[in-house]
Amino acid sequence: MAKPHLLITRRVYPEAIEALSPHFEITDNQANDTPTTKEGLVAAIGQADYLFCTVADKIDADVIAAAPRLKMIATGAVGFNNIDVQACKARGIGLSNTPDVLTETTADFGWALLMATARRISESERYVRDGQWKGWAFDQFTGVDLHGTTLGILGMGRIGGAIARRASGFNMKVIYHNRSKAQQEYGAQYVDKAQLLSQSDHLMIVVPYSPATHHLVTAADLAQMKPTATLVNIARGGVVNDVDLLQALEKKQIRAAGLDVFENEPALNPGFLKLDNVVLTPHIASSSRATRGRMVMLAAENLLAHVQGQPLKTPVAI
Ligand code: DGY
């Protein structure tokens, strides 16, 4: 019997190809790991029974319509805002994501970005590399403290909880705001959004992106924050209005930002590049080799489950 056809949009690890190839006829991007375009996806997906995609592939209604045989999509990410879930539902196309396996690595990175931002690590490293360092001084790259301050978390899901847990080592007060009042975990205290904004010394954004969280943080919200505050976004660019954030940083309405995600990534507002009080990273919060390996293998296991008539391991409820 002919094997079902699997389209893999980007290069994945060899262990996944090894697990999948006995069960699927694979078309992949192993040799040439370039970002997909809509036209490329539409052209490539026509014969696919299965799709293994990434957070960077936009799987919209047109792409799904171009895949008349498509039975299931496995995305190698926890977030699935890049996929038209309603179009999948209308066609009975299954969808899986990769929750849990990236929680701790992403929380580690949230802290790394927060510390780099609060303590001006990128800016001071540029200064050293540029040969500008002429000697020690009291007032050199003075940052703000983390220990003993208030950490605000917007979105208290798995990753928010893992970030809160790490705060106890810094003796921080943790407050959070969430759509639903999450279980009081790690001593974190639920507050309303206005309190979160006005009381946080450091605000960490981890809320999933959806139409309901689009531009959840705008100019009016940023205006409520402390002028000494740090904002870190490891969720999705669209949660924060990038234009408003840029203006708030330029006006020093808040002190600094650490951004791993952007509204139109990989394009970013060029204004961010001109500012020293911003630390910029290319959507790498989950990027340790071990965790990226687990994400890829979980996506593969979901594909294998479906093709073998088993329930998906980590289905997205659609
Ligand atoms: C996710 O999984 O949604 C991240 O943004 C990519 O690692």
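Q: Which kind of ligand atom does a backbone N or O atom of Val78 lie 2.8 Å from?

A: It is an oxygen atom of the ligand that lies 2.8 Å from the backbone atom of Val78.

Q: What kind of model am I looking at, and how are residues numbered?

A: This is a predicted model, where local features need pLDDT of at least 70 and side-chain atom pairs count only at pLDDT 80 or more, while totals for chains, interfaces and linings use all residues. Residues are numbered from 1 along each chain as its sequence is written, and side-chain values use heavy atoms, with hydrogens and water left out.

Q: Where does Thr98 sit, and is Thr98 buried or exposed?

A: Buried means under 20% relative accessible area, exposed over 50%, and partly exposed in between (1.4 Å probe, protein chains only). Thr98 has a relative accessible area of 0%, so Thr98 is buried. You will find Thr98 in the loop between strand E5 (94-96) and helix H5 (103-118); helices (H or I, at least four residues) and strands (E, at least two) are DSSP runs, numbered from the N terminus. A polar atom of the Thr98 side chain lies 3.3 Å from the backbone nitrogen of Val78. Contact means heavy atoms within 4.5 Å, and beyond four places in sequence the contacts of Thr98 include Ala77, Val78 and Met295.

Q: What does the side chain of Asn178 reach?

A: The Asn178 side chain reaches the backbone oxygen of Ser180 at 2.9 Å, and one of its polar atoms lies 2.7 Å from the backbone nitrogen of Met156. Asn178 belongs to the loop between strand E7 (173-177) and strand E8 (189-190). Its relative accessibility is 14%, so Asn178 counts as buried.

Q: Why is helix H7 called largely enclosed?

A: Helix H7 (residues 158-167) is largely enclosed by the rest of the structure because seven of its ten residues are buried. Among them are Ile159, Gly160 and Ile163. The buried residues of H7 pack against H5, strand E6 (150-154), E7 and strand E9 (202-205).

Q: How is the chain divided into domains?

A: Domain bounds come from an automatic or database domain assignment. Here domain 1 is 5-100 + 289-307 and domain 2 is 103-280. Their C-alpha centres lie 31 Å apart. Six residues from domain 1 and five residues from domain 2 take part in the contact.

Q: How exposed is Ala61?

A: At 37% relative accessibility, Ala61 counts as partly exposed. Ala61 is in helix H3 (residues 61-65), and beyond four places in sequence it is in contact with Asp84 and Ala87.

How values were computed:
Polar contact = N/O pair within 3.5 Å; in protein donor to acceptor, adjacent residues only side chain to side chain.
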